[in-house]
Every structure is written in structure tokens, then in C-alpha cells.
Amino acid sequence: MSYITFKEVSYRVQGKNLFQNVNLALARGSFTTLVGANGAGKTTFSKMIIGMVKPSEGTVLLDQKNVNDYKMYEIGNKVGYLFQNPNVQIFSPTVREELGFALKYKGIAETVIEAKTEKMIDRFMLRHTLETPAYHLSQGEKQRLALATILMNDPTYLVLDEPTTGLDQKRRQVLSEVLQQIHAEGIGILLISHDYAFIRKMPTDVLSIQNGGIAYETGF
Amino acid sequence: MKPVFDPRVKLLAATAVSTVGVMSTSPLLSLVNFLIGLIMCRIFNVELFKIMKKMQRFLGVCMVLIIIQSLFDRSGNAILQIGQLTILTDIGMYRGINYLFRVLIILISGMIIATSSMKATIQGFVQLGLPYEFGFMAGLGVRFLPLLTEEIRNTYVSMALRGIDVNRLSLAKRLEMIGSLFIPVVYATLLRGKALAESAQSRGFVIGGKRSTFEKLKFEKHDYVGTLAISMIFAVLLVSERLVF
């Protein structure tokens, strides 16, 4: 059954159609990558899933319900969204506090937070960063921290906007493995990327945005 | 065809309208000043409604702050009471209205200045005899405002997406959480400032350095008329602030 559905979605900006009558269904647990040229509207498209951008026409359904009928925190409990710029996603001075941020406010027991935090620190190779202020981390470390923080929330679906930006070869390899593990655990992923070398390693369907439409890419 | 005004006329207009806005203690004078500001927006081709629509959330927050401020003002005669508790006084209401007009006037001033290009605005500052850096800073502020707005919005959404139902939190926890929002916003601003400074220095920009320019601004007939009209209108408003309002 589809988890994210675009029904006849059109989006216009400054009189120009970015997409027109897009129909798309992303199943729970699916792994899809969206590619397209700069300015094609990949980020805009992904922001529609979290209700941050409203379509000019049509509807976006999340778990069978119009995304606009959810409160933002309800969407956050279903979809984890990784922004291109990880700096907008870090709210705490240390890595450990950042990982436990949401769970602390949700009233989760300290021991549970601690156990989950430890797991994420190892999974995302963040142990060496524990003594460093979160804002002094490298771009790649911040990106991994932001992703780990999102996963602390146990989302059903992940939307990742250009997650390989600023990652070296080794870290890209680590990210590739982590994403495959996450997918194997049943979490759906929508990856937005230009990075064809990275995409080729993934067990993913590839969609392409072009000329106001979205189509499946073949030959990957 | 509508005349294109010199940035110096726009700077004068923005200065005049905001000076009266800040000095006015009368809601009526503030209203007159606001209406003149609106007329200026029309003359200087400000896309007022488009910008206001984009800023509706910010304006909403301003409205709430103004209402709260009015409610906490205890001076004057009560106009709304519940039992023994005074909710709103006449002076509180007047002050609230005045604050509202001040906020709108400051926004209008920014919008008027932003109708000229950054380069023209800086040149306007320089030809007015003001330091180049003032114009440069004002221009940068205007140019990077949309970018910062976008970043602040992303930060806000990113926090909301952490899945925390804010309504269930105690007031102390809510305030603590809102405080955390400032960390990425301030950091992003500092980072952008640093990147800008490095970029400017790498192109040979030195504070206090003497600069030459190819383009000089020249007053046309409509600029003289505009300057005269603005000066007269605001001189009358400032005098009437003492005598009439």
C-alpha cells in the first residue's frame, strides 16, 4: 500500500510550471531516488511531503491522509527529513544532547535515551566527536549527526536532501551501508541526489524530474 | 512611464517616514504617517501586497506582541474590565496602535530602500557623504534577508519535525525549547557573516579603503520635486506633532 501519494499535483512558481499533474505512489518501505538538474524542483518536491510547500493544485497524501491535515509534529513522527544544510538542524551544544533532544522533550526515560544514543553514536561513527561542540564538527559529521538525530525518532519514512554533500569517499561508503541497513529494517527512503556514483550502489528505483513531469529512469 | 527615483530620494523618504514614526506619540499622527508611507510605496513601486503576504506570519507575531503589550499597560482609564480586573485601558490601546504603526512604518522604510539595487543604494550613501561601509552593510542586510528568512523557516520546521507536541509541554520546557531555536539561527548568521567577510577580503575589500566608481548618480527633475515634497510634508508633520496631535 502506498505511504506517500501525489495525486494530480502541480506546482507553479512565478507563473512557470515546475511540475504538472504529477501522480506518484511511494510504498511503505520502498527505496526511491529522485534525480534532476539544478533548479528542476527536487527540494520543492520533497518539501511537499512534509507539508512545507503546498501544491498549487492536487493533493499529497501521507499514510492515506492529506498532509495538510496533519500538525507538523505529527508529520515528524512519521517522516524524518534531512535538510541540505545540516546547520539548521542542530539545536544543542553537544552531540550527546543533540541526539537526545526530541526524546527528552517527549518525556522518554533517561535510560532509554541513553541506550538509543549509544547505539546511534556507534552506528554513525560519532564517538570521536563527543568532546567537540556540535557546531565545530565538519560538514560530513554534522550531516551524520543530523541523520542520526532523525533516526532517534523512529520514523517510518526518510526524506534525505543531498545527504552526500561534503562527504569523502570513506564516509560516503559508510552512509551507503547505513542507508542499506535502514532500508533492510523496513524504513522507506526517498533520496534526493545528483551523486550518480553513490546512487548506483543503492538498491533503489530512480525517478527523474524533467520538463514538469516525473518519470522512472532506466539504465541504472 | 513612471519615473525612477534616485536612491537618495528613497533614503530621504525612508528616513523621514521612520523618524516621524518613532517620534509620534499620537495614534492619529502615526496613522497619517502610515498613510503617507503607503502613498510613497505606490510612488516608489513597492510590491506591497506581495511582500506583506510573504510576511504574514511575522506580522501575526507582531500583532500578538502588540496586543500583549496593550494588555499589560495599566495607565489610563479602563475600557475593558472583568470584575475588579482591568484588561484594557484607553492609553494601553493607544500605545498598542502606535506600536503597530511603528512596526509597519519600519517595514515600509525597508521596502522603499529595497526598490533600488544594492549598488545604487551604496552609491547613494557615498554621494550623501556617508561612509561607504554604512551603505554596504545596509545593502547586505537587505540582500541576505530572504536567504536568512528561508534558513529560519527551515530551522523552525526542522524543530517541529522532531515530533514534539509543544502544547503538552510546561511553559518552562516550551521556553527552553524555543531558546534552542536561536542556536542554529545565530550560528547560521555568524557563519554567513564570516563567509562574506572572507569573500570580500579575498577580493581586496578593505574597510576604510578609498574607492572610485564609474557610475555617479544624478538628480533629475522628478528627484528634486520628490525631495522638496518629502521635506515639506515631513516638516509639516513634525511641527504638527507639537501643535495639533
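**The contact between the chains**

Guide: In this predicted model, the contact draws on 21 residues from chain B and 21 residues from chain A. On the side of chain B that touches chain A, α7 (132–160) and α8 (171–202) each supply at least two residues. The most comes from α8(B), which gives eight residues to that side. Sorted by class, the side of chain B that touches chain A holds twelve nonpolar, five polar and four charged residues.

These two helices also meet each other within chain B. The axes of α7(B) and α8(B) come within 10 Å and cross at roughly 145°, and the crossing is right-handed. From α7(B), the residues involved are Leu140(B), Phe144(B), Leu148(B), Glu151(B), Ile152(B), Thr155(B), Tyr156(B) and Met159(B). Their partners in α8(B) are Leu181(B), Pro184(B), Val185(B), Ala188(B), Thr189(B), Arg192(B) and Leu196(B). By class, the contact of α7(B) with α8(B) consists of eleven nonpolar, two polar and two charged residues.

As for the setting, chain B has nine helices and two strands, and their order along the sequence is α-α-α-α-β-β-α-α-α-α-α. Among the contacts in chain B with a separation of 6 or more, 67% join residues 24 or more positions apart. Chain B has 245 residues, of which 25% count as buried.

Terms used. Residues numbered from 1 in each chain as written. Chains lettered and ligands numbered in written order. Predicted model: local features only at pLDDT ≥ 70, side-chain atom pairs only at ≥ 80, totals over all residues. Contact = placed C-beta atoms within 7 Å. Helix = DSSP H or I, 4+ residues; strand = E, 2+ residues; numbered from the N terminus. Nonpolar A, V, L, I, M, F, W, Y, C, P; charged D, E, K, R; others polar. Axes fitted to C-alpha atoms, helices over the stretch in contact; angles between N-to-C directions. Left-handed = near helix turned anticlockwise from the far one by under 90°. Buried ≥ 20, exposed ≤ 12 C-beta atoms within 10 Å, placed from the backbone.
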